Amino acid sequence: MTLLSSHFFPFSAVNRRSPATTTTTTTNLFSCNKPTTTNDTVKFLYSPSIHRSIRLDKRFVTRFVVPANAQDLIHNAGATVGVLGGAYVLVSAFDDLTRKNILNQDSNSPDARYFAAFVPLVNFLRLLVNGFSLVSDQGLIKSVTRKGDPKELLRGPLYYVGILILCAVVFWRNSPIGVVSLAMMCGGDGVADIIGRRYGSMKIPYNQNKSWAGSIAMLLFGFLVSIGMLYYYSSLGHVEFDWGDIVPRVAFISFVATVVESLPITEVVDDNISVPLVTMAMAFFTLSNNF
């Protein structure tokens, strides 16, 4: 069995049971190549996005090799579709239980905020037991921590979930304070980390661990997510705003939260605490007259 390919990088190997003889000598179709001795293991030579011709028992098979970055894109897209599908099924199940009067989903109920906080509470407990190594969920540890240390779960991730619980129970949907705080933490700070890692070559002078690209992304996406969520709740009739007045106020809050996130205080106060708490304080003094 002979592989016909160009001179690129080793990619993978195909194992095949050899016939009566274990070693054969064949000639590559390219005249410039020397005869090749192969055994039952044949290595593919790889170049991204190029078709390869493989000779198998006098038959030729064309193989298209998918680049690694395209494979990552396919996997991420599949995961996104899976999560969205699971969320849709879950919401549909709750709607069906409500129609059958088995479950009351009235968000005006005093107990609604506690029901909404149940999911982050479960995750809070998961982080605790894994962080203290009472159990070991390697999938959780690898997906949430940066160095694979379970103790990392007791810092940023735990603070993050704690803020989610706080905003749900204290502010719920009736106050823009909780909405803007979550938007800056999830949308702003979350996107800042992604953009900063990818395009953060230009560092901020007073903090070499932060970049201009990350801070600009936080300011922009924190503002857009905040306005988008406020518009959503307003369209449902939960809150009412004077948009000509609240938009510049939210922009100011986003700017202050971005400055706080860029400060070199991570070793003292985690971003998942400083950003939402400062946002809450600024939103309280800035938006208290708008609802």
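1. Which helices and strands each supply at least two residues of the lining of the largest pocket? They are α4 (138-144), α5 (156-171), α6, β9 (207-211), α7 (212-235) and α9 (271-287). Helices (H or I, at least four residues) and strands (E, at least two) are DSSP runs, numbered from the N terminus. The model is predicted: local features need pLDDT of at least 70 and side-chain atom pairs pLDDT 80 or more, while totals for chains, interfaces and linings use all residues. Residues are numbered from 1 along each chain as its sequence is written, and side-chain values use heavy atoms, with hydrogens and water left out.

2. The volume of the largest pocket is about 1,500 Å³. A pocket is an open set of points on a 1 Å grid over the protein atoms alone, where a 1.4 Å probe fits, with protein on both sides within 12 Å along at least five of seven lines; lining residues have an atom within 4 Å of a point. Its volume is the space filled by probe spheres set on the points, which are joined across faces, edges and corners.

3. In the largest pocket, 38 residues form the lining, and those nearest the centre are Arg-146, Asp-193, Arg-197, Asp-270 and Asp-271. Helix α6 gives the most, with seven residues. By class, the lining holds 12 nonpolar, 12 polar and 14 charged residues. Here Ala, Val, Leu, Ile, Met, Phe, Trp, Tyr, Cys and Pro count as nonpolar, Asp, Glu, Lys and Arg as charged, and the others, Gly among them, as polar. Domain 1 (91-173) and domain 2 (174-290) each contribute at least three residues to this lining; the bounds come from an automatic or database domain assignment.

4. Asp-193 sits in helix α6 (residues 176-199). Its side chain makes a polar contact of 3.5 Å with that of Arg-146; such a contact is a pair of N or O atoms within 3.5 Å, and within protein one must be able to donate a hydrogen and the other to accept it, with residues adjacent in sequence counting only if both atoms are side-chain atoms. Asp-193 is partly exposed because its relative accessibility is 33%; the class lies between buried (under 20%) and exposed (over 50%), with a 1.4 Å probe and protein chains only. Met-218 is 25 residues from Asp-193 along the chain, with 8.5 Å between their C-alpha atoms.

5. The second largest pocket holds about 1,100 Å³ of space. Of its 30 lining residues, Ala-112, Phe-115, Ala-116, Trp-172 and Tyr-233 are the closest to its centre. The lining divides into 20 nonpolar, six polar and four charged residues. Helix α1 gives the most, with four residues. This pocket lies between domain 1 (91-173) and domain 2 (174-290), because both give residues to its lining.

6. Two residues deserve a check of the backbone. Trp-172, in the loop between α5 and α6, has a positive phi near 55°. Ser-133 has a positive phi of about 60° and is found in the loop between α3 and α4. Ser-133 is exposed, since its relative accessible area is 52%. Most residues other than glycine have a negative phi.

7. An unreviewed UniProt entry annotates residues 73-94, 114-135, 156-173 and 212-233 as "transmembrane region"; such annotations may be inferred rather than shown by experiment, and positions are given in the numbering used here, with feature names shortened. In the model, residues 73-94 are 100% helix and 0% strand, with end C-alpha atoms 32 Å apart. Residues 114-135 are 77% helix and 0% strand, and the end C-alpha atoms lie 27 Å apart.
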